[in-house]
Amino acid sequence: MTRSHSALLACLALSVACASKSQGSENPDSGQYDGYDSNGGADGSQATPTGPRPKARVSTSTTSGPKKKGKALALVPTKPPVGTGDKPRPTRNLRSEFAIDGVVPTTAAVGSRIEIFGSGFPEEVGSTKVFVGGKALKVIEIAADRIVAEVMMPSTGVVEVGLGTGRVNRKGRAKTNVSFSSVAADGAFGQPHTKVGHGLVGEVYAVPADATEVPNFGELGAPVALVAVDDLDIPAGPAPAGVAGLKQSFGIHFQGSLNVVAAGSYELCLDAGDGALFFLDEVPVLDNDGAGASREVCETLAIEPGEYKLDLLYYQGADTDAGLTLSWAKDGGAKEPIPAEALFPPENVFDLAVKLNNPPA
């Protein structure tokens, strides 16, 4: 594809303006920054680099033709790596009332774990109950501002949280505005999400049936659902359950971060049907856009340790099989799907949940 992808990210309200995006090695100012602060250092301390960030060079190749020869292209992060395996969750101000602000995801396979964000939750698992469509979920973890619950059976309806150890009065339950749905796992986008705090979150959109390339998501209106995945390892084939009731013609903006703990030469590969675009720190890395059967594109990059902001724009057109796999191989080793341990959900996941739970009038 020859079109610019800057507008696709800009219209999704990403944090850096198009005018300041790195454009690879052709831009003499690419990758420049003024420094940063982060709590994600390997020793748990804040890291504060000084001076200009090294320039990032990435390929914008759009084909899966012969591999480039010579030195691998390089990518340098804006944040240090998370060295403990888990990432501290962002803090936020709590309201005084008992209420639900939103849920992630809003559609999931049975066996998945979901996060319910809100306020006024007692920090005792036995004193709180969660329901979807009147069916109980298993409460796994609870804090004053969030609950983790496991979906036990297919169900559809608003998410309700009730307080009490016995029978919970329906009138006193906190409820979502958005409906949640759970389906049987189908081996495609209906894979159970079990590793809360890892993986990616995706906003789901309806896409025109005649789409032949990744659409401008900013022109598709509001998202219709949120999905969460441990990883992206969806082989090409039919997706019987679809996504959020959409059997075909849907798009997903996956968001989060990629945590690289060891420097090396990484071959990154994206297999997609119909089309997908992959960005790290808002720099285009893999272009597998277009329509048709699943196919794979790869690029080799010299990657420094760090936590890289990740965006993956994917669409599934009409009357074609779905498929989406994001994989890597380090220093010539075996290729494998990027594991959940190297993926973190976006830091604004609470905001995504609130936005979907409070759609514009």
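This is a predicted model: local features need pLDDT of at least 70, side-chain atom pairs count only at pLDDT 80 or more; totals for chains, interfaces and linings use all residues.
Student: What makes Cys269 and Cys298 a disulfide?

Tutor: Their sulfur atoms are 2.1 Å apart, and the cut-off is 2.5 Å. The pair therefore qualifies as a disulfide. The structure holds one disulfide.

Student: Why is the disulfide of Cys269 and Cys298 called right-handed?

Tutor: The torsion about its S-S bond is about 110°, so the disulfide is right-handed.

Student: Which parts of the chain does the pair link?

Tutor: Cys269 lies in strand 14 (residues 264–273) and Cys298 in strand 17 (residues 295–303), distant parts of the chain that are 29 residues apart. Both Cys269 and Cys298 are buried.

Student: How do you know that Glu115 and Arg146 form a salt bridge?

Tutor: The N to O distance between their side chains is 2.6 Å, and the rule asks for a nitrogen within 4 Å of a carboxyl oxygen. The pair therefore counts as a salt bridge. Glu115 and Arg146 are both buried. By this rule the structure has 15 salt bridges.

Student: Why is Lys195 called partly exposed?

Tutor: Its relative accessible area is 36%. Buried would need under 20% and exposed over 50%, so a value in between is partly exposed. Glu341, with 46%, is also partly exposed.

Student: How are Lys355 and Glu203 classed, buried or partly exposed?

Tutor: Lys355 has 43% relative accessibility, so Lys355 counts as partly exposed. Glu203 has 4%, under the 20% limit, and therefore counts as buried. Their side chains meet in a salt bridge, at 2.9 Å from N to O. The pair links helix 2 (residues 349–357), which holds Lys355, with strand 10, which holds Glu203, 152 residues apart. Elsewhere, salt bridges that share partners join Lys79, Lys87, Glu307 and Glu347 into one network.

Student: What puts the buried residues of helix 2 on the same side?

Tutor: Val349, Phe350, Leu352, Ala353, Leu356 and Asn357 are buried in helix 2. They cover an arc of only 160° around the axis, so they lie on the same side of the helix. What covers the buried residues of helix 2 includes strand 2 (99–104), strand 4, strand 9, strand 10, strand 11 (225–229) and strand 13.

Student: Which residues touch the most other members of the largest nonpolar core?

Tutor: Phe189, Phe254, Phe278, Leu312 and Leu324 do, in a core of 38 residues. Strand 13 (residues 250–260) gives the most to this core, five residues. A second, separate core has 18 residues, including Val139, Ile142, Ala174 and Phe180.

Student: What does Leu312 touch, not counting residues up to four places away in sequence?

Tutor: Its contacts are Leu232, Ile252, His253, Phe254, Leu270, Ala276, Leu277, Phe278, Leu324 and Leu326, with that exclusion applied.

Methods: Residues are numbered from 1 along each chain as its sequence is written. Side-chain values use heavy atoms; hydrogens and water are left out. A nonpolar core is a set of buried Ala, Val, Leu, Ile, Met, Phe, Trp, Tyr and Cys residues joined through side-chain atoms within 4.5 Å. Buried means under 20% relative accessible area, exposed over 50%, partly exposed in between (1.4 Å probe, protein chains only). Helices (H or I, at least four residues) and strands (E, at least two) are DSSP runs, numbered from the N terminus. Contact means heavy atoms within 4.5 Å. The arc is that of the directions from the helix axis to the C-beta atoms.
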